[in-house]
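Here is a brisk report on one protein model.

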Amino acid sequence: MKLFSYCIVSLSLLLSPIQLSFSQTMLKGRVVDNKNESVDYYLVKILSDPDSTVILTGSFITENFRLEIAGKGKYILDVSSMGYSKQLYPFSVTEKDSIVNLPVISLNNSSYNLNEVVVTGRMPLITYNNNKSIVNIENSVLSDAGSITDMLSRTPGLISDVGGQISVMGKGSPIIYIDNKEVVNKDELNTLQSNDISKVEIIRNPSSRYNASGRPVIVIRTKRSRKDNTMVQLYNKLTIARKVSDRAGLQIIQNIGRYSGLYSYSYGVYNQKQYADYFQTIYNKDYTMDNISNTIQSYSNKNHNLFAGIDYQIRNNDYLGLKFAGSFTDDTRDEYRNQKITKSNISETRIRDLNSVKNKNDDYYTIDFNYTINRDSVNTLNLNASYAHKKYSEKTNMDEIDIISTDYARSLINSQNKYDVYYLSADYQFEVMGITSQLGGKYSKIKNNGYSENHNLNTTKLNSYDSNITNEEVSAAYLNFSKNIRGLTIEAGIRYEYTDSKVKTTESLEHNRLTSSKFFPNIGLNYVISPKVELNINYNKSISRQLFSQINPNVIYLDSLSYIIGNPYLKPSYSDNFEIGLILWKKLNFTASVETEKNPIVFVGINDDNNTDITRFTYMNLNKAKFYNTGLSYSITKGNYTLALNSNLMFPDMTINYMNKEKKIRKMMSSFTFNNSYNIPNIDIIVFLNFNYRGPGDYEIRRFTEQHTLIAGVRKNFLKDRLKATITMYDIFHKNSGGNYDTEYGNISEGMRINQDTRFLRISLSYTFNNIKTRVKSNSANQKELNRLY
């Protein structure tokens, strides 16, 4: 409470003199369409009465807006949006007015007939506001993308890899929210379809109201409906590549009076086959060892997703929600590897064949409770409590055969980890003296119990056994303030986080305890120079905590010459992030940023302590690193055609040790995406073509090769839009090399060339028996903790 009081008083004293010196009046209003639904993008002008001179303008993406005006007098409120008729409303401001509450403005759809073809105005696909990009999904071609995962993979400014992992261009892996709550698992993104989504907000530098990880944030806003009805949707997604995969699902959405419910189930079978070449050179003191491996990998994954959630409206804007989400996965991986091993001090080449079958079970479920109180458009209280359980187990049978000596080794490797996650949070938004404020806190506790064991099946002996018990508690509190002064928006905040982590292994009787306690400030300035020019400057301090897999001391055996082990002494990394942006015409966005990171975490291969021919892959801290980024984005919508271009240049600057010398990591990496689509009139067919490019360059300590992907598709709606069919061809020229890299660290150089199953044809079908949306959020409050379990 001392922290809260100190921050409130300090920032209030800082901002209140500014407020008093301008004597401004706060205008508050709300804009909806003729169905009382939100309008995704609209422009508000304040005109003088009677000469209609423009006094103030502002663009908004939420139904509630606020503007500040200086001086008494008579004015006209002018509200407009593409596809809607303009609305005008006269009002007055007196000297006594500090706040003027304007009436709800309802916009009517605007269309006109041209040669018997109805043409309706379309809002832009992307708008830019401060350090946020807003992608308008509703009424755009992205609303027909399919699942949310498919939608995000085609969203401008985002990049999707072959495994479906989403990243923000120039900023890395994001935290994903659905209606301000973090999603639990990426499979939950399949519980909603893209036509359930209103907009996607991409926040490059999140404020203190979000967690201190410093990762970019993606907020997915769902549509809302006040109609009483039931919607049932069936969908299927068939993928044809080297092997065939398929996912089918059922979704039921209900709105009955104050009750809203969402229930979904999906089952997927994912099969893949890929080829990879690994190469490694170990420079030992007296000799050099080369290891070249040719690998064939086959995957078979079966997954069940289950979701059930209810949302009950207690009063007009107060909601009580309860949900259950579960994901249950069985995975089988067959791998054949041929190794050729040579040593400079031995003339003979050693040839080995390795065959392994790995069976994995990954099951989790979460129970989430939330309560939201909305007193008005400003004052909101949100309470969350959740519990999650995760069990992950692996069983691997491995055969290693030396072709020349005919030595034969058989191993059985078992491992298991169980996690229990407890989470509490509270967030309160309010307004004091014209300053919008957010205040909140959270507490989480993670308990993990795991082991790994290696059996020698030749001798039936236990080669090794490792176990660990991990307990971590995180407490956090934050304050965030926002104030608009004549076109200048100031946002400032601070977040405090305390972490207490304990790890106990079979080798230690005492717990290895790591604690951290730190403040994370943020400040952002956004200045609207003119309706066409906007400047923003943002700074925040962030932390990257160790993932549980990074500190888990249990051994994961790859073969008799390599293994993976976590580092329980790994430190978190801290970053200072600074970014400046310039927005022109709400279409062109230029950004430049620099990130200074202390104790960056990297994944490296080093010599085993007992045998230098064996490689131990683990996680280590470097001293520091810097990353410079420049980005340029452009988006335009003309009639039925939409174009979005995004580009980024990343310049790393870090130093590592290689062969007892300093090695600089400084090779620039470029990336570029080109998204365009066209809606063919009269026949209601959408065609789209996307191109993604990543140039060669350094990322962390790895140097990646060039890769690019061309995606083309067509979508057609039938039966009054109830039936939707999409055919998409991914990686047409098969140039997505995925994870091709080279790396040098210590006395080891290694690399990989992979031939992934990235070229495939996907056929998606969905049929909707009705058409409403829900208030239930298919996500959970404890996502940040669950993300770190992997």
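Buried means under 20% relative accessible area, exposed means over 50%, and partly exposed lies in between (1.4 Å probe, protein chains only). V687 has a relative accessible area of 31%, so it counts as partly exposed. This is a predicted model: local features need pLDDT of at least 70, side-chain atom pairs count only at pLDDT 80 or more, and totals for chains, interfaces and linings use all residues. Residues are numbered from 1 along each chain as its sequence is written, and side-chain values use heavy atoms, with hydrogens and water left out.

**The chain as a whole**

The protein chain holds 4 helices and 48 strands. Helices (H or I, at least four residues) and strands (E, at least two) are DSSP runs, numbered from the N terminus. Of the 790 residues in the chain, 53% are buried. The accessible surface comes to about 35600 Å², and carbon and sulfur atoms own 55% of that surface. Such areas come from the Shrake-Rupley method with a 1.4 Å probe; for residues, only the protein chains shown count as cover. Now take contacts (heavy atoms within 4.5 Å). Among those in the chain with a separation of 6 or more, 65% link residues 24 or more positions apart.

**A nonpolar patch**

V687 is found in strand β41, residues 685-694. Together with I240, V244, Y678, V714, I727, I763 and L765, V687 forms a nonpolar patch on the surface. The accessible area of this patch is about 580 Å². Patch residues have over 30% relative accessible area and no salt bridge; like charges are joined within 9 Å, nonpolar side chains (Val, Leu, Ile, Met, Phe, Trp, Tyr) within 5 Å. A salt bridge is a side-chain nitrogen of Lys or Arg within 4 Å of a carboxyl oxygen of Asp or Glu.

**Paired strands**

Two strands pair if DSSP finds at least two bridges between them.

| Strand | Partner | Bridges |
|---|---|---|
| β11 (residues 132-136) | β16 | 5 bridges |
| β16 | β17 (residues 217-222) | 6 bridges |
| β31 (residues 555-559) | β32 (residues 562-565) | 4 bridges |

Is β16 mostly covered or mostly open? Strand β16 (residues 197-203) is mostly covered, with 7 of its 7 residues buried. In β16, E201 is the bridge partner of I134. I202 stands opposite I218 in β17.

β31 and β32 form a hairpin with 2 residues between them. V555 has I565 in β32 as its bridge partner.

**E400**

E400 is found in strand β24, residues 380-402. Its relative accessible area is 8%, so E400 is buried. Leaving aside neighbours within four places in sequence, E400 is in contact with R352, D353, L354, D407, Y408, A409, D559 and S560. With S560, the side chains make a polar contact of 2.8 Å. A polar contact is a pair of N or O atoms within 3.5 Å; within protein, one must be able to donate a hydrogen and the other to accept it, and residues adjacent in sequence count only if both atoms are side-chain atoms.

**R333**

R333 lies in strand β22, residues 318-343. R333 is partly exposed because its relative accessible area is 31%. Its side chain makes a polar contact with the side chain of D331 at 3.0 Å. Not counting residues up to four places away in sequence, R333 touches S298, Y299, S356, V357, K358 and K360. R333 and K360 are 27 residues apart in sequence and 8.4 Å apart in space, C-alpha to C-alpha.
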